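Here are my notes on this one, jotted down while going through the model. Have a look at the aromatic contacts and then at the ligand site.

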Amino acid sequence: MIKEPDTLMLVGFMGAGKTTVGKEIARQHHSRFIDIDSEIERVAGQTIPEIFIERGEIGFRALETQVLASVQTFNGVVATGGGIVERPENIAVLKNSPATIIYLHGNLESTIGRLIIEGQRPLLQEKSTAEFFALWKERDPKYQSVANMTVETVGKTPARIAAEIIALFSANEDELALLALRSQIDAFDRQIFKIIAQRLEVVSSVARYKEKFGLATIQTNRMVRLRNDLKADFALSEDITDDMIDAVMAILMQAAIDKENRQLDR
Ligand code: S3P
């Protein structure tokens with residue numbers, strides 16, 4: 001069982017939402033929050049970009065190791081920096097830590113999107129997309145190795161991720177494995193609905209086009225062809241049956257027709 005921890009530590013790649021989710025857990029759970037990056041800035045009296053410029057990444061990492069050691073028994077939630085697993089000595093500290101460690105796992109697309117909005121990451125400025133991806137792949141197993149549990153974050157709001165993590169505190173060992181899998185399923189559900197919303201946006205453009213050229217809303221032949229193509233493409237899948245394709249496409253097409261009609265009524 002992940003007992004209600006004195007110290008809950010969040011690890012994960014930069015832009016995974018460690019600070020935002022950490023603050024949200026502290027808010028929902030009435031506990032304290034500390035961010036290792038902010039602590040480093042406080043100790044150094046400089047911002048992280050300034051530390052990277054003046055002391056280099058090596059100087060930054062030394063400060064990071066020092067601060068990591070000092071927060072091991074912090075009573076509350078600790079957000080680490082994405083590079084906390086860069087130094088083997090930090091990995092050793094994390095593996096022997098009294099804290100409960102949660103890996104916030106995302107995907108590269110959502111991470112880069114977030115980082116571009118936030119800015120301020122020296123490593124993002126200096127690395128190409130390929131190097132960034134390589135760093136991602138290199139760090140992923142390291143986060144896994146230090147964490148007690150991985151939570152999937154893709155498509156979820158910080159409040160939902162925080163609630164998911166708080167729910168872990170009352171789970172026993174067997175339930176934890178199940179919760180980790182459900183965390184992935186919940187993320188897929190959010191991605192599925194996000195894609196449906198994107199599909200409907202395209203539908204909306206199609207409706208404008210049809211209106212302009214006086215085409216019918218429902219193109220029966222195209223719909224039949226679309227389903228048949230899908231059935232052919234998934235013919236080898238045991239899980240994606242013809243019935244499932246018919247049922248899901250019926251829902252998607254009804255949503256599209258409703259959207260087109262709403263739009264044309266305006
Ligand atoms: C870093 C991540 C940053 C910060 C520094 C280095 C990294 O923290 O510590 O820019 O090496 O991934 P966040 O994970 O909070 O962005």
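1. Aromatic pairs first: with ring centres within 6.5 Å as the cut-off, the count is 5. Keep in mind that this is a predicted model. Take Phe13 and Phe132: their ring centres are 5.3 Å apart and the planes sit at 85°, so this pair is edge-to-face. Phe13 is in the loop between β1 (7–11) and α1 (18–29) while Phe132 belongs to helix α7 (residues 129–146), so the pair ties together parts 119 residues apart in sequence. Both Phe13 and Phe132 are buried. Together with Trp136, they make up one aromatic cluster.

2. Another pair is Phe52 with Phe60. Here the centres are 4.9 Å apart and the planes at 35°, so the pair counts as tilted. Phe52 and Phe60 are buried too.

3. Now the ligand. There are 13 residues around it, and Asp37, Arg61, Gly82, Arg121 and Arg139 come nearest. Gly83 uses a backbone N or O atom, 3.2 Å from an oxygen of the ligand. The ligand alone exposes 380 Å², and the protein buries 97% of that.

4. Which elements give two or more residues to the shell around the ligand? They are α3 (48–70) and α6 (122–126), with α3 giving the most, 3 residues. By type, the shell splits into 5 nonpolar, 3 polar and 5 charged residues.

5. Last, the annotation: an unreviewed UniProt entry places "domain: Chorismate mutase" at residues 172–264. In the model that span is 84% helix and 0% strand, with its end C-alpha atoms 54 Å apart.

Definitions and conventions:
Residues numbered from 1 in each chain as written. Predicted model: local features only at pLDDT ≥ 70, side-chain atom pairs only at ≥ 80, totals over all residues. Heavy atoms only, no water. UniProt positions renumbered as here; feature names shortened; annotations may be inferred. Helix = DSSP H or I, 4+ residues; strand = E, 2+ residues; numbered from the N terminus. Phe/Tyr/Trp six-rings, centres within 6.5 Å; stacked < 30°, edge-to-face > 60°. Buried < 20%, exposed > 50% of the residue type's maximum accessible area, 1.4 Å probe, protein only. Near = heavy atom within 4 Å. Polar contact = N/O pair within 3.5 Å; in protein donor to acceptor, adjacent residues only side chain to side chain. Areas by Shrake-Rupley, 256 points an atom, 1.4 Å probe, with all protein chains shown as cover. Nonpolar A, V, L, I, M, F, W, Y, C, P; charged D, E, K, R; others polar.
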